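Please look at the sequence and the structure below. The questions that follow ask how each label was reached, and each reply sets a value against its definition.

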Amino acid sequence: MKYFLTLGLMLSLVCQGFSQDRQAEKRAQAELAEQVAYTLQTDGLIVQIPTNARKIEAMQEVLNNGDLTAQNYSRLADRLATTIEETRQQAKLIIEAFANGYAIGPVYFIPDTSLVQLKEEHTSGYFYDKELNIDPSITLPDDFVLLRMGYVNAATGSGAEAMMLTRSDLSPLQPPFPDAVTFNNVGYLFNKLLAPDIAERKRLEAAVNTLVRKLRVAIGG
């Protein structure tokens, strides 16, 4: 009988410990969610704009140093010019999509080549204005959530294209906040067939709308 009483007491203490640990974990999650909500609403979201820098540099390197025929040189030069223009147009669409659809808090834009400056907390000199010019008057907020374009689980080669979200230390956002919002590529391909001129715009607008909806749910309003 004494054995069973002791065992019962031990089990009760273990369960109580688990309960306390779980409650502490929930409190920590709630505090973290409050911090993220405050950051988004007060400090802001920093959006990395894709630059295709490596692709452009590689093509430029071949043009400068490659042994190309006149015809191949002309073709590559045309591809380079097209890539630069398409990259710029996509960047403008991204900024427009956030300017028109994102109203949770401040939003900033930086080229995806400026991650080092961001990690080293350089205060200015790499933020875009709405015309894609570097504006030294735009400064780094005290805290931020970072959004970058990429692929979920890119290392496995099976990831979907997405907007991925991290805190300022580059750790993924935790629930109830999303750590990624995938693009609707089925809808994009459909629009690409029927209305190619607006397909990319619609794709970005839909992703921003989904992002805003999920963030508002997480914030609670």
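Q: How many residues in the lining of the second largest pocket are nonpolar, how many polar and how many charged?
A: The lining of the second largest pocket has two nonpolar, five polar and four charged residues. The classes are set by a list, in which Ala, Val, Leu, Ile, Met, Phe, Trp, Tyr, Cys and Pro count as nonpolar, Asp, Glu, Lys and Arg as charged, and the others, Gly among them, as polar. Among the lining residues are Met59, Lys55 and Asn52. The model is predicted, so local features need pLDDT of at least 70 and side-chain atom pairs count only at pLDDT 80 or more, while totals for chains, interfaces and linings use all residues. Residues are numbered from 1 along each chain as its sequence is written, and side-chain values use heavy atoms, with hydrogens and water left out.

Q: Which helix gives the most to the lining of the second largest pocket?
A: Helix 3 gives the most, with seven residues, and helix 2 (53-65) and helix 3 (70-101) each supply at least two. Helices here are DSSP runs of H or I with at least four residues, strands are runs of E with at least two, and both are numbered from the N terminus. By that rule the protein comes to six helices and five strands.

Q: What makes a space a cavity and what makes it a pocket?
A: On a 1 Å grid over the protein atoms alone, a cavity is a set of points where a 1.4 Å probe fits but cannot get out, whereas a pocket is an open set with protein on both sides within 12 Å along at least five of seven lines; lining residues have an atom within 4 Å of a point. Grid points are joined across faces, edges and corners, and a volume is the space filled by probe spheres set on the points. The count comes to one cavity of 30 Å³ or more, and about 350 Å³ of space lies in the second largest pocket.

Q: Why is the pair of Phe98 and Tyr102 called tilted?
A: Rings of Phe, Tyr and Trp (its six-membered ring) pair if their centres lie within 6.5 Å, and planes under 30 degrees apart count as stacked, over 60 as edge-to-face and the rest as tilted. The structure holds four aromatic pairs. In the pair of Phe98 and Tyr102 the centres are 6.0 Å apart and the planes are at 55 degrees, so the pair is tilted. Phe98, Tyr102 and Phe109 form one aromatic cluster.

Q: Is Thr39 buried or exposed, and how do you know?
A: Buried means under 20% relative accessible area, exposed over 50%, and partly exposed in between (1.4 Å probe, protein chains only). Thr39 has a relative accessible area of 4%, and therefore it is buried. Thr39 is found in helix 1 (residues 2-43). Not counting residues up to four places away in sequence, Thr39 touches Gly44, Asp143, Phe144 and Val145, where contact means heavy atoms within 4.5 Å.
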